[in-house]
Amino acid sequence: RTVYVNGDYLPEEDAKISVFDRGFLFADGVYEVTSVLGGKILDFDGHTVRLERSLKELGMGMPLSRDELLAIHRKLVADNGIDDGLVYLQITRGAADRDFAYPDPDTPQSVVLFTQSKPGLAESPMAKEGMKIISIPDERWGRRDIKTVQLLYPSMGKMMAKAAGAHDAWMTEDGHVTEGTSNNAYIVKGNTIVTRHLGNEILHGITRAAVLRFAREAQMQVEERAFTLDEAAEADEAFITSASTFVMPVVELDGAPIGTGRPGPVAARLREIYLDESRKAAI
Ligand code: PLP
């Protein structure tokens, strides 16, 4: 597999990052994951705009232009023969003597990109079966709107879900659901789709923005507000969104079925619209 590291395209065995990299020592870095379907990149501009915002919130600049980033994405997709899969991008504050204070702003940032091949990414059996979710307290830091590589608590959450025989966890804070470990969370009651409002408590999902736009265009009602686990338990259906899962139905919460316990029509419709529209707009 060819990977990109700081200007070079290299076989993964030859790619190197300093042990002093602040991404490694302090999780001082941000990332993006973008889907590839049929060799084309989905929502590239949305991910790039969010990347720039994450960097800015941490006092970092954007080391490459949008067009340079797109060219790197495309070259990796082509060189690695990716039809369906993902592109992972990470930018850190670079390597410097270990010190909590940020290094000199001239320190070169580290830029790494690699691909993951996921044949049949859009045909996941999970879309037909639905996911089982458990709830766990949200014990992450307070700036979840910044897409940092500090992902230990979400990893712990996935392990808690696995241990409980579930696929993922929804996190709660002050009695309300924030989001999934790596996705945004939704419930459907009657004709209304409910998902948490934007703020520092959740990541501003690129898929979320697209799905809410498509839902409104299809005349569905959308409420952006916090919801409780009790509301979720009483919902007609539930689902998640993320760049790598698109729209995925949720059929069980903490061991109890949601609605019929089968994937619901709203999630199925939004998944179809999202995949159709995103494929058309892919670059
Ligand atoms: N929330 C969290 C915590 C995430 O890690 C992710 C994606 O990785 C999302 C939401 C979904 O965001 P996106 O739709 O941009 O992939």
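Modeller: Six strands form an open sheet in the order S2-S1-S6-S5-S3-S4, and their pairing is antiparallel. Strands here are DSSP runs of E with at least two residues, helices are runs of H or I with at least four, and both are numbered from the N terminus. Two strands pair if DSSP finds at least two bridges between them. Strand S2 (8–11) and strand S4 (40–41) stand at the edges with a single partner strand each, so one side of each has no neighbour in the sheet. Strand S1 (residues 2–5) and strand S6 (residues 110–117) run antiparallel and are joined by two bridges; Val5 stands opposite Val112 in S6.

A word on the model: it is predicted, so local features need pLDDT of at least 70 and side-chain atom pairs count only at pLDDT 80 or more, while totals for chains, interfaces and linings use all residues. Residues are numbered from 1 along each chain as its sequence is written.

Now to Met62, in the loop between helix H2 (44–57) and helix H3 (66–79). Leaving aside neighbours within four places in sequence, Met62 is in contact with Glu52 and Leu55, where contact means C-beta atoms, placed from the backbone, within 7 Å. Gly157 is 95 residues from Met62 in sequence and 31 Å away in space, C-alpha to C-alpha.

Conventions: Contact = placed C-beta atoms within 7 Å.
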